[in-house]
Amino acid sequence: MPKSHAFFFSAVLMLFVSLQGCAFFKASHIEETEIHYPAPDPEIERLVEDYRAGIEQSLGEQIAVVEDTLTFSKPEGSLGNMAADALRYRAALELRTFVHLGIADESHYMLDFLPGSLTREAVYEFMPYLNHLVVLELRGDQITELMQQVAALGGAPLSGARFTIDSQNRARGILVNSTVVEPNKTYLIATTNRVANTGEPFPVLLNADRRIDLDISIRSLYLDFFRGRGRLTDATDGRIRS
Amino acid sequence: MMNRRDFLQRSAALAGSLAMPALFSRDRNSVKMQETDLTILYTNDTHARIEPFPENARRFAGLGGIARRASLIDKVRQTQKNVLLLDAGDIFHGTPWFDVYGGSVDLDLMTRMGYDAAAIGNHEFDRGPDGFAEAAQKAGFPFLAANYDVRNTPMNPFVERFIVREFSGFRVGIFGLGIGFSGLIDSANSGDVRAYDPIRNAETAVESLKEYYRCDIIICLSHLGFSYIQTRNDDLRLTERIQGIDIIIGGHTHTFMEEPLIFPRENGSSTLITHMGHSGVRVGRIDVSFGSENSGSPFSLSSRYYTIGDT
């Protein structure tokens, strides 16, 4: 839900909470039987198992091996770093040019990875959306603003930049590709069409000077990235510190 | 026309002054043993979550699962003679099950569970009208959309504007509303289906169900979404504009409502809005009892939800 919606929803809920104190609502007093953990319905469970065979047949292929537990932690996490690196590297490959940054919204990713086999099914579950790759062109001053937006979130999946988040949740010592940001220089940043369309949670992206939509699905991009890595290990490197 | 703030303030004022057309319960994870006149069980935005969330899911690990939902529903049916089982749309998309089966497994299992009707969510168009129709072959229940025109499309055999369910002593009208396509559904996927103003079509559906079919209770399965700042229609706006809907079971915005919103009206009626989040993590329940309150309303409502797999 966009933040503006969330604000309104909160206001409505606050109103609703205030309503609870009045006589309009009253609790029922009915004898009840508590039920926790309803056991699965045996017939439905059997059907699910039968159908599951089709899932495993279609999507059981091993894509990679996960060696460490990989998560989207803050200020940085292994899986968040990989998610952003994959966007950036693939964009560079497709455009045949240097792409300075990659950025993603961690809320779009559904799984952490546990040690063991990483199947196609798990990658589909990890990234259920059929989004595509987008490259945006921003000026250096906008890149600085973007880093501040990342810092305000306490960190986000980011590739190509390093900085420290101070006690005021501000980004300090920002380096992009190991150099300071030049305010008037043009930078390319890879992301998804969903992030580019909504500007959430990085609204400065809506001010991009140019946008290139690439016919590369985000899901297939990750399949290729993880397959290329083969063995997935801890990928934290201190790119965002706090 | 009142603005939204005026409407909500008026609702609050009325709430303090009117008698009680609705009985409200916050109980969770329990099955009421006392029989009521009608029990409505409902879900929304189940999004192909056939199995419980895996242990490494970033949210809701271990929760949900259609087999556990079926078990809960069966237990409620054992204690209640009149049960409606409804869904507010977005059954499709969200897990590898949709990639492999295109929604047909969801609809097969929901049919076996005895779902009575579902709204059409925007994700029901993810494989276009042909893909919807292919999966809907497995649906033994109608999809409801009073504001979609599906004539001359493959969806036509599976979609109704509304249905009427007859019970001993009362009649329930159920209609559906789908969200506008703009910005949500690619024209290639909506095909020849046309979406029209949900407010105006809700008005005519309510009028038909009340005046012609003489329904005692009217339920709207809405996939409009709970609330937006922008001009897009939502459940709050629907409630502002339309009288006569008793219960709105909503979806799309994945809103986990701990309690329903109830908007009382000056004539003694009210509209209850409820959403149950997404992915089948929760099943909502509304119990309807006729003639138990001296409030001017012919029935009272009791609301609760179950968390599937909760401790």
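In the predicted model, Glu125(A) lies in helix α4 of chain A, which covers residues 120–126; helices (H or I, at least four residues) and strands (E, at least two) are DSSP runs, numbered from the N terminus. With a relative accessibility of 9%, Glu125(A) counts as buried, a term that stands for under 20% relative accessible area, whereas exposed stands for over 50% and partly exposed for values in between (1.4 Å probe, protein chains only). When neighbours within four places in sequence are left aside, Glu125(A) is in contact with Met110(A) and Leu111(A), and also with Arg49(B), Pro54(B), Thr95(B) and Pro96(B), where contact means heavy atoms within 4.5 Å.

Ala53(A), by comparison, belongs to helix α2 of chain A, residues 42–59, and is partly exposed, its relative accessible area being 44%. Between Ala53(A) and Asp105(A) there are 52 residues in sequence and 33 Å in space, taken from C-alpha to C-alpha.

In chain B, 7 strands form an open sheet in the order β7-β5-β4-β3-β2-β15-β16, and the pairing is mixed; two strands pair if DSSP finds at least two bridges between them. The edge strands of chain B are β7 (159–160) and β16 (299–307), each of which pairs on one side only. Strands β2 (residues 38–43) and β15 (residues 282–290) of chain B run antiparallel and are joined by 5 bridges, and Leu38(B) stands opposite Val288(B) in β15(B).

Residues are numbered from 1 along each chain as its sequence is written, and chains are lettered from A and ligands numbered from 1 in the order in which they are written. Local features need pLDDT of at least 70, side-chain atom pairs count only at pLDDT 80 or more, and totals for chains, interfaces and linings use all residues, while side-chain values use heavy atoms, with hydrogens and water left out.
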